[in-house]
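Dear colleague,

I am passing on a structure that I would like you to look over when you have time. The model comes first, and my notes on it come after.

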Amino acid sequence: MKDKHREAYREEAYELLAELEESLLALEQDPEDEELIGRVFRALHTIKGSGAMFGFEDIVAFTHEVETVFDQVRNGQVPVTKALVDLSLAARDEIRAMLDGGAPEDSLKKQEIMAAFRGLIPEAEMTAGPGPDPSPAGEETLGAGTPVTYRIRFRPAADIFLTGTNPLSLLHELRQLGEFNVVAQTEAIPFLTDINPEHCYTAWDIFLTTSRGLDAIADVFIFVADDSGLDIQVIDDGSGSAEDYKKLGEILVARGDLDESSLKRYLAQGPLIGEALLQEGLVSCDKVQSALVEQRHVRTVQRKKQEAEGAASLRVPAAKLDKLVDLVGELVTVQARLSQTAIDCNDPHLTSIAEEVERLTCDLRDNALNMRMLPIGTIFSKFQRLVRDLSAELGRKVDLITEGAETELDKTVLERLNDPLVHLLRNSIDHGIEPPEVRLQAGKPGHGKIRLTARHAGAQVIIQVQDDGGGLDHETIKAKAVQMGWLTPETEISDKELFNFIMSPGFSTAKEITSVSGRGVGMDVVKKAIEALQGSIEIDSQPGVGTAITIKLPLTLAIIEGLLVTIDHDFFVVPLSVVTECVELTREDVARAHGHKIAKVRDEIVPYVHLRERFDIEGRPPAIEQIVITEMNGNKVGLVVDQVIGEQQTVIKSLGRVYRSAAGISGATLLGDGTVALILDALQLVQGQQAGELIN
Amino acid sequence: MKGKKKALTEPQIIKFAGDLTIENSQELHKILLTALNNANQLLVTFEGVTAADLSFMQLLCSAHRTAVRTDKHLELASPRPGVLKAAVQELGFIRDKGCVLDTQASCIWKEGWE
């Protein structure tokens, strides 16, 4: 049981560390931002606080040092510098290592970081030492962890102006502590004939939500508390929800502005208690106003808190979701069988049930797949750090701009996308963005920009990595391609085709090998990884302007829309995302092409792959075959089959180990009657055909 | 601070400008008191106001209460300078409804302060 909790803590801590990293990087850009400082502090505080509960003593002791410094930063005693951010990022990495269990108990690095943090604190400010806070847990929670809402009733002495204190500055100080609302109580202001203009007749009801604790509030009133009326009450400890906060009448009763029996009497009269109380003059307008503001304040704070928590309201292990999607996949297959049986039986009752099941299965499938969708921003945030560290290492100045972080992708796709994107970003920094002096000479700003964007386009997600660097060098690439024997120097070749060479295995034009790139592995690995995700990759580049790499990916890999086709008695599925149209292929068409595998589709020449030949299927093809025309990376290629049956919900099943290396097949699926259909990997089929032609 | 009065035509306009703060509160008090004694309808303008504090809010509130009690009418003109709006908001004077003394439903803290 304890392990389960420790695991839950780890997961939460990983999220907090990601937030910590993000906040630190933002803080580096804007060192004065108090909200960011607060976020850093809160993340550290929670890591430490929860760590103590689950027995991560090493993390507690270590984080304590960092937290202490950020407490000082919060109080304006320690400034935010690049050195502090660097140190804090190193500390973040160390905490991560401790969480993973990879850091030795007393590693030198850990000791150095701790010492460095201690060195940042002035001697007098040093606390009792590392370890959990000595204060009891409850006090700690109320004191500086969870935000608590207070009602502060402040009635200054009449002569407060004469003591040189301006009540407005007290209110300003309180406003700095957190979410703040105030209602002036003006009942005591006399008529103009009786007023002493230098006296204070106003009192205030203040509503403040803060995690800074009672002491911080009391500090604001330290010089006026003796002569003033001051009452501070906790009205919400942060545990309630927005809907169940007190009603207006209950607030007035709780404050002692209305007695319980009067409330009951008014409640019996009708719902608009505020109006009724005012009309009767039982409670003053100021008090009703104050109660209303209290209600609004608490509800707003609670709603904000719920919204913040809403994003991660339920934590489910990913494996359970994967299992759910598997089961839904099975269900989709069974549903297809049911529909088929209903058609075969020609029974209207069964047909109606089958249709209902089909509708529900469809909804269930969409919902189950949606649950596995994660915003791409979860991996974007890691890249900020990568770009920062790499550009420093390579002496570049690079800003990473991300857009579309909210774009969602299937968890599996997202996990496998991380490495290719890291490669692309590394390439952009190492090969793309020029050193600052070169950029300035070229009339560009010294800071390079890399834009990492994601957006939805139909059932696909388009991800682009675009830099404003030097662009790809046509001549160097061509020379290298010639050197590798892929081209003759005379070959005329389009930019797009030329750029594709850089994704071939063994291609690198880097003059020196760095730790980052230049070893000729990278782009081919990226291409393979993207293709393994059923995606495609395109390069566009202009000399001196920059390079853009566009990746197109399917939203999910679990269930796809497919086009079911047959060759002889065998069934195949072509992913619908690559299909553009289907046309007929007659024997005359074949004869007209004089042995070349090309078809003329509306004046356009389209090469095709004859699948019956490709898969060595025996038997005679029908007189009229069908060409399924696919489009990948801007090129059209046909796949010739006997018959096109129609669209098919395809639950992808991976092939067994023995068949995994079969070229041109990416998986299999079960049809309604239990028959197996192979899912075609159109890209591989086309590439295979091209390779075959080259050999011939 | 200055507060100029126009001739005794109705409504009488009181033009407040400069610092409406505790240092000038005695003088501000006198201007409002005299104006309310001499006119039945008052319009207060704020063009050129550079600062305002609690003492002035209390005087305005008091003047309005006095006007209502003596069956006179006091109204605040727009536009209102940012410093004045900020002071009213920060001191918590804004109201959804007028107080029990506001029998004319003309509470000065209800509108025009956002």
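Predicted model: local features only at pLDDT ≥ 70, side-chain atom pairs only at ≥ 80, totals over all residues.

Residues are numbered from 1 along each chain as its sequence is written, and chains are lettered from A and ligands numbered from 1 in the order in which they are written.

Chain B holds 3 helices and 5 strands (DSSP runs, with helices being H or I of at least four residues and strands E of at least two, numbered from the N terminus), and from the N terminus on their order is β-β-α-β-β-α-β-α. Of its 114 residues, 39% count as buried, that is, with 20 or more other C-beta atoms, placed from the backbone, within 10 Å of their own.

Where chains A and B meet, 28 residues of chain A and 29 residues of chain B take part, a contact being two residues whose C-beta atoms, placed from the backbone, lie within 7 Å. On the chain A side, helix H7 (167-175), strand S2 (179-185) and helix H12 (285-310) each supply at least two residues, and H12(A) gives the most, with 4 residues.

Helix H16 of chain A (residues 411-432) has a kink of about 35° at Leu417(A), shortly before the proline Pro420(A), the bend being the angle between axes fitted to the seven residues ending there and the seven starting there.

Best regards

Notes: Buried ≥ 20, exposed ≤ 12 C-beta atoms within 10 Å, placed from the backbone.
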